[in-house]
Amino acid sequence: MRKLALGIVAIMMAIGLVGCNPMGDIELNTGDSGIYIEDDGAISYGSCERFDKKYFNEDQLEKQIDTEVNDFNKSKYSSVDDACSIEQFKANSKEANLVLDFVTTYDFKNYMINYAGFVPDGFYIGPISDNDKCEIKGTFKKPHSKETVTAKEVKKMKDCILITYTPFKVQTNGDIKYISTNCKIDDDDVVSTSPNKGELSYIVYDIDQE
């Protein structure tokens, strides 16, 4: 099986998103995907899609999601047997809502690259010191402040970083220390990465990682 055509998440993203339940303070509207980062580094990834019966029925889509999650958990890309689990799946005649939980950022990164079709030089999440594929460049700003730092300074930090070409809404239970200037942050500290395809966005955050 060809990883279910590069993953159910990739399929759902191609169909188109509609409004769905938030994760934390994240509100997902049409065209949005969300990443919620827990204190221990666990990840919840949410996606709500327009449900087009020309492509799937509810039972078929749920079965494929189950198959892909089970396949990932048995693969060399997962850290433990239950590295990924389905927190929520709902569908009706118009929309499908999927939330996947990942035990670690390592598992989430591996899933997105090996199952959802993300490219290694365009997606990374984890300690800054472990990043060896994605370029870090540009100017970074401190949230709700005029303070800025350079990419050279960021590379020396002992924190974690999310790097992505893909638009996301992101929230953490820890502190967001810096974001690239193409990101926006609201009063609830939910960061929206750049909506421009092919443009890397960066979020530096402080969470204990193993």
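Me: What is the average pLDDT of the chain, and what share of the residues score at least 70?
Reply: The chain averages a pLDDT of 87, and 85% of the residues score at least 70, where pLDDT is the predictor's confidence in each residue, from 0 to 100. This is a predicted model, in which local features need pLDDT of at least 70 and side-chain atom pairs count only at 80 or more, while totals for chains, interfaces and linings use all residues. Residues are numbered from 1 along each chain as its sequence is written, and side-chain values use heavy atoms, with hydrogens and water left out.

Me: Over residues 14-22, where does pLDDT stay, and how many contacts beyond four places in sequence does the model have?
Reply: There pLDDT stays under 50, and the model has 34 such contacts for residues 14-22, a contact being heavy atoms within 4.5 Å. Over residues 1-6 pLDDT also stays under 50, with 12 contacts beyond four places in sequence. Where pLDDT is low, the predicted coordinates should not be read in detail.

Me: Why is Glu 95 called partly exposed?
Reply: Glu 95 has a relative accessible area of 27%, and buried means under 20%, exposed over 50%, and partly exposed in between (1.4 Å probe, protein chains only); Glu 95 is therefore partly exposed. By that definition of buried, 49% of the 210 residues in the chain are buried.

Me: What lies 4.3 Å from Glu 95, C-alpha to C-alpha?
Reply: That residue is Phe 51, which is 44 residues from Glu 95 in sequence.
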